[in-house]
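This report describes selected local features of one protein structure. The sequence and the coordinates are shown first.

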Amino acid sequence: MVELGDDRVIYAFSSDMDPALTIPSGQTVRIRTKDCFGNQLSGPEDELDEIDWDAINPATGPIFVEGATAGGALKVAIEDIEFDGHAACCTGKDEGVYGDKLNGWSTHFCQIEDEALVWNDALRIPLNPMIGVIGVAPTGKAVNCGTPGSHGGNMDNTAITTGATLYFPVAVDGALFGLGDMHAVMGDGEVSVSGAEAPGWATVTLTALPELALIDPVIENAESFGIIASADSLDAAADRAVHRMVELIAEHSSMPVPEAVMLLSLVGDVQVCQMVDPQKTVRFMVPKYVLEAVGFDWPY
Ligand code: CA
Ligand code: ZN
């Protein structure tokens with residue numbers, strides 16, 4: 001296994017990034033990640049109005065994957081997520097869903113113990129580890145790491161966890177993969193504008209799939225297969241995810257489109273990832289047993 005430290009980080013995904021690491025397709029990499037505050041909060045005494053806002057939302061990387069070609073895809077299998085042992089949460093004026101009613105920043109610092117986030121002496125919350133920022137170089141102009149899009153980025157998707165596999169559309173040769181912004185706990189929506197922001201390590205296996213063409217990221221886990229889409233509003237993101245799933249089924253099976261749409265209405269779930277970033281993100285998840293039964297061909 002290869003390790004990549006967090007001394008090389010990016011603040012935007014772009015096609016002209018200089019690789020921090022080059023690996024062969026199929027390599028597993030253990031990646032050190034800073035939290036979304038760039039590790040600038042180290043204890044309950046630290047305040048958000050004192051941090052360097054140019055150093056937030058870092059992603060470690062980028063990693064050049066040999067064999068990944070523009071027009072193909074990058075497969076990212078999430079093998080493990082490890083946390084250092086603490087996490088920080090925040091909200092603030094004009095941030096998140098309730099920011100219109102808040103004055104200034106608030107933070108809450110927590111320890112992580114025995115697979116739980118210790119909110120206080122009375123409340124321990126079971127961890128649901130996830131990776132907030134994960135993606136590849138986009139087509140067109142650079143996208144800052146706080147914004148999600150078809151290249152991935154700040155999708156803040158609770159389904160992006162150990163055991164999940166992501167497929168990203170590759171815009172430039174090598175894909176230029178990066179990740180960061182891990183959360184020990186987060187609810188769908190991420191209403192305050194933060195999860196339990198936690199530095200740590202993510203272990204992923206990166207595989208080039210030059211023959212697979214995609215428009216938006218695809219996610220797969222033991223039970224489900226889905227599309228992740230981001231847009232100006234949750235409505236537009238949901239619309240985009242559903243359209244993309246119908247297109248994908250039409251492309252990878254022989255099922256007539258109207259039948260696919262009726263079936264998706266019965267078994268597909270539109271789920272909110274986050275509603276607080278510059279673009280909003282939705283996932284549309286379909287059970288794998290249904291896709292297998294209708295001959296969906298996904299040999300990746
Ligand atoms: Ca995030
Ligand atoms: Zn975060």
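Which residues make the nonpolar surface patch of about 240 Å²? In this predicted model, the patch is formed by Val97, Val191 and Met275.

Met275, one of the patch residues, is located in the loop between β21 and β22. With a relative accessibility of 32%, Met275 is classed as partly exposed.

Within the pairing, Val272 is placed opposite Val282 of β22.

## Aromatic pairs

Six aromatic pairs are found in the whole structure. In one of them, Tyr167 and Trp298 have ring centres 5.2 Å apart and planes at 90 degrees, so this pair is edge-to-face. Because Tyr167 belongs to strand β16 (residues 165-169) and Trp298 to the segment after α3 (288-293), the contact ties together parts that are 131 residues apart in sequence. Tyr167 and Trp298 are both buried.

Trp298 also forms a stacked pair with Phe296, with 6.0 Å from centre to centre and 10 degrees between the planes. Phe296 is buried, as is Trp298. Through ring pairs, Tyr167, Phe225, Phe296, Trp298 and Tyr300 are linked into a cluster.

## Charge over a ring

A further contact involves a charged side chain and a ring: Arg30 lies over the face of Trp201, at 3.9 Å from the ring centre.

Notes. Residues are numbered from 1 along each chain as its sequence is written. Chains are lettered from A and ligands numbered from 1 in the order in which they are written. This is a predicted model: local features need pLDDT of at least 70, side-chain atom pairs count only at pLDDT 80 or more; totals for chains, interfaces and linings use all residues. Side-chain values use heavy atoms; hydrogens and water are left out. Two strands pair if DSSP finds at least two bridges between them. Helices (H or I, at least four residues) and strands (E, at least two) are DSSP runs, numbered from the N terminus. Patches are made of residues with over 30% relative accessible area and no salt bridge: like charges are joined within 9 Å, nonpolar side chains (Val, Leu, Ile, Met, Phe, Trp, Tyr) within 5 Å. Accessible areas come from the Shrake-Rupley method with a 1.4 Å probe; for residues, only the protein chains shown count as cover. A salt bridge is a side-chain nitrogen of Lys or Arg within 4 Å of a carboxyl oxygen of Asp or Glu. Buried means under 20% relative accessible area, exposed over 50%, partly exposed in between (1.4 Å probe, protein chains only). Rings of Phe, Tyr and Trp (its six-membered ring) pair if their centres lie within 6.5 Å; planes under 30 degrees apart count as stacked, over 60 as edge-to-face and the rest as tilted. A charge sits over a ring if NZ of Lys or CZ of Arg is within 6 Å of the ring centre and within 35 degrees of the ring normal.
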